[in-house]
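Have the sequence and the 3D view open while you read.

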Amino acid sequence: MQKSRLEAFSDGVFAIVITLLILDIRFPEVEYGQFWQTLGSILPRILAYILSFIIIGLYWVIHHNSMHAIKTTDRGFLWLNILLLLCVSFIPFPTSLVGRYPFEAGPIIVYGATLITCNLVGYLAVVYVHYHPHLATAEFSDKYLRRHTPNYIFVNGSYLGAILLANIYPLASYLIYIAVVLLLIIFLPKVDDGINYQAH
């Protein structure tokens, strides 16, 4: 099976999910005298929107780059991709919870658990391709899996730490989420070895 339809479908889902994030932000009908107070009250939702927008954008970049290593697809890979999109499309829900209850443990835990699930499914897709090498280009090798495995362990371990801190130091949980995203943006391109993105 050609990968073009998978890429087109995935891009469409990512675009819809990112658009859905903004729908939770509503400015109530208030007198102008209450403008700044009201704006401050919805600030947690705005910050949650920004964080999730960047995270979903990061998932899209990773998905886009990984497709350069894929030559063709099969039914198993298609279902793993659909499962990944299911997890990503769930992100607006915990984002809404975090925006409404920013310093409560429950929403922070649900948010972290959602991200961990997304990462686990993404890693399963990498492992699946590793054991089905006919799906990949020549650039995808054993080294690719070996170098990405510690990355998945670090990210999910960090998110698990954020979940465990949610009841005690909720602010620390947010700092972990933000730090992980920044580290991935900075260092993930260095981990993506062996793929000539310009050639595909």
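H3 gives the most to the lining of the largest pocket, with four residues. This is a predicted model, so local features need pLDDT of at least 70 and side-chain atom pairs count only at pLDDT 80 or more, while totals for chains, interfaces and linings use all residues. Residues are numbered from 1 along each chain as its sequence is written, and side-chain values use heavy atoms, with hydrogens and water left out.

Back to that pocket. Its volume is about 240 Å³, and its lining is made up of Pro 44, Leu 47, Ala 48, Leu 51, Val 98, Gly 99, Pro 102, Phe 103, Leu 171, Tyr 174 and Ile 178. Helix H3 (43-66), helix H5 (92-100) and H8 each bring at least two residues to the lining of the largest pocket. Helices here are DSSP runs (H or I, at least four residues) and strands are too (E, at least two), numbered from the N terminus. By class, the lining of the largest pocket has 10 nonpolar residues, one polar and no charged. In this scheme Ala, Val, Leu, Ile, Met, Phe, Trp, Tyr, Cys and Pro are nonpolar, Asp, Glu, Lys and Arg are charged, and the others, Gly among them, are polar.

On a 1 Å grid over the protein atoms alone, a cavity is a set of points where a 1.4 Å probe fits but cannot get out; a pocket is an open set with protein on both sides within 12 Å along at least five of seven lines, and lining residues have an atom within 4 Å of a point. Grid points are joined across faces, edges and corners, and a volume is the space filled by probe spheres set on the points. Searching the whole structure turns up two cavities of 30 Å³ or more.

| Space | Volume | Lining by class |
|---|---|---|
| Largest cavity | about 540 Å³ | 22 nonpolar, eight polar, one charged |
| Second largest cavity | about 60 Å³ | six nonpolar, three polar, two charged |

The largest cavity is lined by 31 residues, and the closest to its centre are Ile 62, Ser 66, Gly 122, Val 126 and Tyr 152. H3, helix H4 (75-89), H6, helix H7 (142-165) and H8 each supply at least two residues of that lining, with the largest share, seven residues, coming from H3. For the second largest cavity, H5 gives the most, with four residues. Its lining includes Leu 20, Asp 24, Arg 45, Tyr 49 and Thr 95, and at least two residues each come from helix H1 (4-21), H3 and H5.

Now for the helices themselves. The protein chain has eight helices and zero strands, and its C-alpha trace spans about 65 × 35 × 25 Å along the principal axes. Of the 200 residues in the protein chain, 45% are buried. Buried means under 20% relative accessible area, exposed over 50% and partly exposed in between (1.4 Å probe, protein chains only).

H3 has 24 residues that should span 34 Å at 1.5 Å a residue, and its end C-alpha atoms are 35 Å apart, which agrees. The expected span of a helix is 1.5 Å times one less than its number of residues. Among the buried residues of H3 are Ala 48, Tyr 49, Leu 51 and Ser 66.

Which residues of H1 are buried? They are Leu 6, Ser 10, Val 13, Phe 14, Val 17, Ile 18 and Leu 21. These cover an arc of only 130° around the axis, which puts them on the same side of H1; the arc is that of the directions from the helix axis to the C-beta atoms. Arg 5, Ala 8 and Ile 16 are exposed on the face of H1 turned away from its buried side.

Last, the rings. The structure holds nine aromatic pairs. The rings of Tyr 111 and Tyr 177 have centres 5.5 Å apart and planes at 50°, so this pair is tilted. Tyr 111 sits in helix H6 (residues 105-130) and Tyr 177 in helix H8 (residues 170-191), 66 residues apart, so the pair links distant parts of the chain. Rings of Phe, Tyr and Trp (its six-membered ring) pair if their centres lie within 6.5 Å; planes under 30 degrees apart count as stacked, over 60 as edge-to-face and the rest as tilted. Both Tyr 111 and Tyr 177 are buried. Elsewhere, Phe 27, Tyr 32, Phe 35 and Trp 36 form one aromatic cluster.
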